[in-house]
There are 6 protein chains.
Amino acid sequence: MRPSGRNLSDLRTVSIETNVTKHAEGSCLIKIGDTQVLCTASIEDRTPPFLRNTGLGWVTAEYGMLPRATNTRNRREAASGKQTGRTVEIQRLIGRSLRAGIDRSALGERQITVDCDVLQADGGTRCAAITGGWVALRLAVNKLLKAGDVVSDPIVDHVAAVSCGIYAGQPVLDLDYAEDSVAGVDGNFIMLGTARLVEVQMSAEGATFSRDEMSSLLDLAQAGVASLIDAQKAAI
Amino acid sequence: MRPSGRNLSDLRTVSIETNVTKHAEGSCLIKIGDTQVLCTASIEDRTPPFLRNTGLGWVTAEYGMLPRATNTRNRREAASGKQTGRTVEIQRLIGRSLRAGIDRSALGERQITVDCDVLQADGGTRCAAITGGWVALRLAVNKLLKAGDVVSDPIVDHVAAVSCGIYAGQPVLDLDYAEDSVAGVDGNFIMLGTARLVEVQMSAEGATFSRDEMSSLLDLAQAGVASLIDAQKAAI
Amino acid sequence: MRPSGRNLSDLRTVSIETNVTKHAEGSCLIKIGDTQVLCTASIEDRTPPFLRNTGLGWVTAEYGMLPRATNTRNRREAASGKQTGRTVEIQRLIGRSLRAGIDRSALGERQITVDCDVLQADGGTRCAAITGGWVALRLAVNKLLKAGDVVSDPIVDHVAAVSCGIYAGQPVLDLDYAEDSVAGVDGNFIMLGTARLVEVQMSAEGATFSRDEMSSLLDLAQAGVASLIDAQKAAI
Amino acid sequence: MRPSGRNLSDLRTVSIETNVTKHAEGSCLIKIGDTQVLCTASIEDRTPPFLRNTGLGWVTAEYGMLPRATNTRNRREAASGKQTGRTVEIQRLIGRSLRAGIDRSALGERQITVDCDVLQADGGTRCAAITGGWVALRLAVNKLLKAGDVVSDPIVDHVAAVSCGIYAGQPVLDLDYAEDSVAGVDGNFIMLGTARLVEVQMSAEGATFSRDEMSSLLDLAQAGVASLIDAQKAAI
Amino acid sequence: MRPSGRNLSDLRTVSIETNVTKHAEGSCLIKIGDTQVLCTASIEDRTPPFLRNTGLGWVTAEYGMLPRATNTRNRREAASGKQTGRTVEIQRLIGRSLRAGIDRSALGERQITVDCDVLQADGGTRCAAITGGWVALRLAVNKLLKAGDVVSDPIVDHVAAVSCGIYAGQPVLDLDYAEDSVAGVDGNFIMLGTARLVEVQMSAEGATFSRDEMSSLLDLAQAGVASLIDAQKAAI
Amino acid sequence: MRPSGRNLSDLRTVSIETNVTKHAEGSCLIKIGDTQVLCTASIEDRTPPFLRNTGLGWVTAEYGMLPRATNTRNRREAASGKQTGRTVEIQRLIGRSLRAGIDRSALGERQITVDCDVLQADGGTRCAAITGGWVALRLAVNKLLKAGDVVSDPIVDHVAAVSCGIYAGQPVLDLDYAEDSVAGVDGNFIMLGTARLVEVQMSAEGATFSRDEMSSLLDLAQAGVASLIDAQKAAI
C-alpha cells in the first residue's frame with residue numbers, strides 16, 4: 001500500500017557515516033532512505049550573552065537545504081536575504097531537541113553549534129537532522145572529554161526523532177516525500193533513549209485527528225526511535 | 001499551589017468583545033486573564049498565486065505584539081527589520097489552525113487575513129489568538145453570507161486552543177506567565193468543536209515528559225477547549 | 001459643511017483613559033473621534049551612546065499602526081521588513097515634540113521610550129500620538145518622582161498637537177479622514193501649555209497657501225491645543 | 001555676529017551651473033556658499049502603478065549625500081543597507097515641493113525623477129536640493145517641449161526653498177552649518193514664484209518659538225526665496 | 001618544499017563522481033585534494049527577463065559554502081541575511097566562465113542554474129566549482145539532447161579552471177589552503193579545451209608580480225587545465 | 001576605427017583636479033574623457049578589529065555611482081537596500097590595489113577610507129577610481145606627514161590602472177563606453193610606478209582570447225599606466 005512497498009511500521013534504510021569532514025569537531029552524513037543530511041558540530045569557547053558567568057553551556061542548531069536538494073530547485077536563502085519561516089521553525093526545533101539530552105552545567109561555558117545541511121531531500125529531513133545532529137554532537141563532546149576540557153560527560157542520553165502520519169487512512173512510520181506530500185496529518189516525535197518524550201508536533205493541513213489516532217502514531221514513533229537509537233549506537 | 005490561586009484545571013476568566021474596530025470585516029478583543037489580543041479579519045478578493053483558478057480560498061494569519069505588551073519592553077519588529085523566529089512560528093500555527101475549520105471550496109477564491117495583535121501579554125498569547133481569531137473570522141464570514149457573496153457557510157466547525165503544562169510537578173491548564181516561565185514542559189492544543197485534534201505542540205526546555213503525562217495534559221486541554229468554545233458561542 | 005457636521009473650529013470628542021496596561025510605567029488610550037492610539041512609556045536605565053556620561057536623559061518615540069487600523073488593510077511593517085518613510089517621519093516628530101517639554105538634565109541618564117500604536121485610524125493619528133504620548137510620559141515620570149529616582153520634576157510643560165487644514169476652501173480644525181483625504185493643505189501644530197510653538201508642519205499636495213491662511217490655521221490650532229491640554233489635565 | 005560675518009538677512013553666494021552632466025535630460029550643480037548639490041532630472045515613459053491610465057504624470061525625488069560630504073565621514077547608505085530617517089524625510093519633502101509647481105495633467109503619463117546628491121555639505125542641503133532640483137526639472141521639461149512630447153508647459157511656477165532660524169537669539173536667513181548646529185529653532189520654507197507657500201517646516205530641538213518669531217522668519221524667507229528665484233531665472 | 005610534498009607543477013588528486021543526487025538534471029561531486037564541491041545543474045524553461053523573445057538561453061551559477069566547510073565555522077549567509085562580497089564575486093565568475101563554453105542560441109530560451117556548494121574547503125574552491133560545474137552542465141545538456149529538447153549540442157567546448165600562485169618565491173600549481181593563505185600572489189585561470197583563455201584573475205595582497213612571473217604561472221595553468229579536462233572527459 | 005577617432009594606443013584626455021572638497025583629508029576629481037570620479041580619502045584613528053594591537057594600518061575603498069551617471073537612470077543602491085555584486089567587486093578591487101602601494105606598518109594603526117563616487121560614467125570607472133583614489137590617498141598621507149602623525153612615508157609607490165580590450169578584432173587601450181559595451185574581451189590592469197603588476201583581471205563575455213592577445217593588451221596597459229602615473233605626478 002505504501003508507494004515504497006514498505007510495511008506500515010517500517011523505517012527506511014538508515015545509514016550513519018561518521019567523521020565525514022576534516023574540519024568539524026564532530027560530523028556525520030546520515031541517510032534515511034533517499035534523505036541525506038550532513039551534520040557537523042562546531043565547538044566555540046563562548047556562549048550567548050545571556051549565559052555569561054552562569055557556568056552553563058549552550059547547544060544550538062542551524063538548518064539549511066541545498067537549492068537542488070528537492071525535486072524542483074528552491075531559491076537559495078542566502079540569495080533571497082532571509083531564511084524562510086519553515087527553516088527558522090526547524091532549526092529552533094533541532095536546537096531544543098538536542099539540548100534535552102545535554103547537561104549544560106557539565107558542558108561549561110561553551111557553545112556547540114550543530115549545522116544540519118540537507119544534501120538530498122525525500123521527506124523527514126528535520127528528523128534526520130536531529131538524529132544525525134546528535135551523533136555529531138556526541139563525537140564533538142568526545143573530543144572535549146578526551147582533551148580533558150570537560151570532566152564529566154555532558155551528554156545524558158540519546159536524542160532521536162522520527163515522523164509518523166496518517167497516509168491513505170492508515171498510521172504509518174517514517175513518511176517519505178511521496179507520502180508526506182499527500183498525508184493530511186503528520187507529526188514529528190522526538191524522544192530520549194529512555195523513551196521519554198522531548199517534543200511532539202502533530203499537525204494537520206486540511207484534516208484533523210482523534211486521540212486514538214494520536215496514540216497509534218506514538219506507538220509507531222516509539223518503536224521507530226528505538227531503532228534509530230540503535231543506529232546511533234552502532235555509528236559511534 | 002498555582003501563583004494565581006487557581007485550581008489545576010481552571011481556565012482564567014475569558015472575555016470576548018466583538019466588533020471592536022469600525023474598519024475590519026470581523027473583529028474581537030479577547031481577554032484570557034491579563035492576556036489581551038485584538039483580532040481582526042480582513043477579506044480580500046484575491047488569493048495567493050498558487051491558488052489562482054482553483055476555486056479555493058485561503059485563510060492566513062499574522063501575529064504581532066506591541067513592544068510594551070510584556071513586562072520589559074521588546075524591540076519593535078518593524079524597527080529591527082524582521083520578524084523573530086517565534087513570531088513566524090506562531091503566525092504559521094494560527095493560519096494552519098484556522099484553516100482546519102474552513103471549507104476552502106465554499107469560501108471561493110478570496111483570502112481572509114486574520115491579524116492577531118497582542119496588546120498585553122500574560123502567557124498563552126498564541127492560544128488566545130487562535131480562539132479570538134476564529135471569532136473574527138466567523139464574523140467576517142457572516143458578512144459574506146449576508147451579502148450573498150458566498151452561498152454555503154465555509155465555516156465547518158469551531159477552532160479553539162489552550163495551553164497546558166507541567167508546573168511544580170503537576171499538570172495544569174491554561175498557564176499564565178508566572179507558570180509558563182518556569183514550566184519545563186508545556187504544550188498547545190488546538191481542537192475543533194467535535195473535540196478532534198487539529199494540532200498538538202508539546203515541547204520541553206530542560207525537561208522531558210512521559211506518555212502518561214501527555215495523556216493528562218490532553219484531558220485538561222479537552223475540557224479547556226470545550227469551555228472556550230462555549231465562550232465563542234456566547235460572543236457571536 | 002463638514003462631513004461630520006462639526007463647526008469649523010470644533011475638535012472631535014476627546015477621551016483619554018490612563019493606566020490601560022499593567023506592564024508599562026505610564027500608559028493611556030487616547031481617542032480623538034474614531035482615532036484610537038495606545039500610548040505606553042517605558043523607562044530604561046540607559047541612554048543612547050551619544051549621551052553617556054553627560055548627565056542628560058533622552059525621550060524617544062516609536063509609532064506603529066495595526067494592519068487593519070485603516071479602511072483597507074495595510075501591509076504589516078514587520079513583515080515587509082522595514083518601516084515606511086511615513087512611519088519614520090512621524091516617530092521622529094513625536095520624539096522631538098515630547099523632548100520639547102522635558103528638562104533632560106533633571107531626567108538624568110535614563111531613556112523613556114514612548115510607543116504610540118494606532119488601533120484605529122480616522123485622521124490625525126500623529127497629533128493624537130503626541131497628545132496621548134505626553135500623558136503616558138507624565139505618568140511614567142510620576143513613578144520616577146514617587147520612587148525618588150528623580151528629585152526635581154523633569155517635565156516642564158504640557159505638549160499637545162492638533163491638525164488643521166483647508167477643507168472646501170475653509171480653514172478647519174482637527175481634520176478627520178474624510179476631510180484629510182481631500183484637503184490640499186494641512187498642517188500639524190505642536191505647542192506647549194504656554195502656547196509657545198514646538199513644531200509647525202504645513203504641507204500641501206497639489207495646492208499652496210497664503211500667509212493669511214497660515215495665520216488662520218494657527219489661530220484654530222492654538223484654541224484646539226488649549227482644549228487638548230485641558231483634556232490632558234483632566235486625565236492625569 | 002554671524003560666524004560668516006553675514007548680515008541677518010543675507011543669503012550666501014548662490015551659483016547655479018546648468019547642463020553639468022551629459023546623460024541627464026536636465027541637470028545643474030547648485031552652490032549655496034559651501035553647500036554643493038548635483039541635481040539631475042531623468043524622464044521615464046512610465047508612471048507609478050497608482051497613476052496608470054489616469055493621464056497624470058509624476059515628479060519624484062531622491063536625495064543622497066556622499067560619505068565625505070560632511071566634516072566627519074558618514075557611513076554610506078548603500079553599504080548600511082538602508083536610507084536613514086533623515087534621508088527619507090528629505091526626499092519626500094523635495095518631491096512634494098517640486099510637484100507643487102507642476103501641472104501633472106499637462107505632463108502626461110510620464111515620471112520625472114530628480115536626483116539630488118550632496119557633494120559638499122555646509123547646512124541647508126535640502127533647500128539647495130529643492131532650488132536646484134527645480135532647475136534640473138525645468139531643463140528636462142524644456143526638452144519635452146522642444147521635442148513636442150508635451151504641448152503645453154507642465155511647469156506652472158518656480159519653486160525654491162530657504163532655511164531660516166533663530167541663532168544667538170536673532171532671526172537669521174540661510175543658516176550655514178556653524179549656525180545650524182547650534183540653533184535651537186530652524187525652519188525650511190518652500191515657496192512659489194508668487195510667494196504662495198508650499199511647505200513650512202519649523203522645528204525646535206531643545207527650544208520653542210513664539211508666533212512673532214515665526215512671523216519674522218517668514219519675512220526673511222520670503223525675501224530669500226525671491227532672490228533664489230532670481231538666480232534660477234538667471235541660470236535657465 | 002610544498003607543505004603537501006607535491007612538486008611545483010603537481011595537481012592534487014582529482015576525483016569527479018557523477019549523478020550524485022537523484023533530483024538534479026546533472027550533478028557531480030568534485031574532489032580536488034581535500035576540497036569537495038557538490039555541483040548540480042537545474043534546467044528551467046524560462047530565461048531572465050532581458051532575454052525574452054531573443055531565442056537565446058542563459059547559464060548562471062550560485063556558490064555557497066557550508067558553515068563548517070572551513071577550519072573555523074563561518075556564519076551562515078542565509079542567517080546573516082546577505083551573501084558576502086567574496087561569494088558574489090565567485091558566483092559571477094563561475095557563471096561567466098561556463099557561458100564561455102556554451103552556444104546560447106543552440107540552448108534556446110531556457111536557463112540552466114549551476115549550484116556549487118562547498119562541502120569541505122582546502123583552497124581552490126572556485127576553480128573546483130568551475131571544473132565540476134561544467135560536468136554538471138554537460139550532464140544536464142545531455143538530458144536535453146536525449147529528450148530531443150535541443151537539436152544541436154549547445155556545449156561547444158570544455159571549461160576548466162585552476163589556481164596558481166607564488167609560494168615561497170616559486171610559481172606553484174593548484175594551491176591548497178596552507179599555501180593559499182600565505183601566498184602574496186595568486187591567480188585563477190579559466191580555459192577552454194582549446195587552451196584559449198576565458199578569464200585570468202591575478203591578484204596580490206601585500207605583494208606584486210612581474211610579467212615573467214605571470215608568464216610562468218600561465219604555463220603551469222595551461223598544463224593543469226589540460227589534466228583537469230582529461231578528468232572531465234573520464235567522468236562523463 | 002575607434003568610435004572616438006583615437007588611435008589604438010591612445011588614452012583619453014586625463015585631468016586630475018586636487019583638493020576639490022573642503023572636508024576630506026585628501027581629494028581629487030579625476031576625468032578620463034567623459035568619465036568623472038570624485039575621490040576622497042578620510043583618515044580615522046581606528047582600524048578594523050582584526051588589526052587591533054598589530055601596529056598595522058588599513059586602506060579600504062568604497063565605490064558608488066550616482067543614479068544618473070549613466071545613459072539611463074540606475075536604481076539608487078541606498079534605496080534598493082543593497083550594493084550590487086558589481087559594486088562590491090569593484091570596491092574590493094580598489095582597496096586591494098591601493099594597499100599594494102602602502103607600507104601598512106609605516107601607516108600605523110589608523111584606517112584611510114577612499115570613497116570613489118562616479119559623477120559621470122563613460123567606461124573605465126574602476127580604473128579611474130584607482131588612479132584618482134591613489135591621488136586622494138597621497139594627499140591625505142601628506143597631511144599625516146606634515147602633522148608629524150607618521151614619521152616615514154607609508155606610500156611606497158604609485159598605483160594606477162587602465163583598461164584594455166579587444167575591439168573590432170584589435171587590441172585597444174582605455175575603452176570608452178561605446179567600445180566597452182561591445183568588446184568581447186576586456187581587462188583591467190593595475191600596476192605600480194615600477195611597472196610591477198598588482199592585479200590583472202581579464203574577462204570575456206561570449207568570447208575568449210589567446211596568450212598572444214593577452215600579451216598585446218599587457219603592452220598597451222604598461223604604456224597607458226605610465227602616462228597615468230605622469231598625470232598623478234603632475235597633479236600632486
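The model is predicted, so local features need pLDDT of at least 70 and side-chain atom pairs count only at pLDDT 80 or more, while totals for chains, interfaces and linings use all residues; side-chain values use heavy atoms, with hydrogens and water left out. Residues are numbered from 1 along each chain as its sequence is written, and chains are lettered from A and ligands numbered from 1 in the order in which they are written.

Chain F meets chain D through 37 residues from chain F and 37 residues from chain D. Contact here means heavy atoms within 4.5 Å. The two chains bury about 2,800 Å² between them, and 46% of this area lies on carbon and sulfur atoms. Buried area is the accessible area (1.4 Å probe) that two parts lose on being put together, summed over both. Three residues, F:His23, F:Arg68 and F:Arg76, supply 26% of the area that chain F buries against chain D, more than any other three residues.

Charged pairs cross this interface. Between chain F and chain D there are 16 salt bridges, each a side-chain nitrogen of Lys or Arg within 4 Å of a carboxyl oxygen of Asp or Glu. One of them joins the side chains of F:Glu62 and D:Arg73, at 3.1 Å from N to O. Polar contacts link 24 residue pairs across the interface of chain F and chain D, both residues at pLDDT 80 or more. A polar contact is a pair of N or O atoms within 3.5 Å; within protein, one must be able to donate a hydrogen and the other to accept it, and residues adjacent in sequence count only if both atoms are side-chain atoms.

On the side of chain F that touches chain D, the elements giving two or more residues are strand 3 (35–44), strand 4 (58–65), helix 1 (77–80) and strand 5 (111–120) of chain F. Helices (H or I, at least four residues) and strands (E, at least two) are DSSP runs, numbered from the N terminus. Strand 5 of chain F makes the largest contribution to this side, with 6 residues. By class, the side of chain F that touches chain D holds 14 nonpolar, 11 polar and 12 charged residues. Ala, Val, Leu, Ile, Met, Phe, Trp, Tyr, Cys and Pro count as nonpolar, Asp, Glu, Lys and Arg as charged, and the others, Gly among them, as polar.

The contact takes 37 residues from chain E and 37 residues from chain A. About 2,800 Å² is buried between chain E and chain A, 46% of it on carbon and sulfur atoms. E:His23, E:Arg68 and E:Arg76 lose the most area in chain E to chain A, together 26% of what that side buries. Chain E and chain A share 16 salt bridges. One of these pairs the side chains of A:Arg76 and E:Asp117 (2.9 Å, N to O). Strand 5 of chain E gives the most to the side of chain E that touches chain A, with 6 residues.

Other pairs stay apart. Chain A does not touch chain D, and their nearest C-alpha atoms are 12 Å apart. Chain A does not touch chain F either, with nearest C-alpha atoms 10 Å apart.

Two strands pair if DSSP finds at least two bridges between them. B:Asn188 has B:Gln201 in strand 9 of chain B as its bridge partner.

Chain F has an open sheet of 5 strands in the order 1-2-3-5-4, with mixed pairing. Strand 1 (14–18) and strand 4 of chain F are its edge strands, each pairing on one side only. Strand 4 and strand 5 of chain F run parallel and are joined by 8 bridges. F:Trp58 stands opposite F:Gln111 in strand 5 of chain F.
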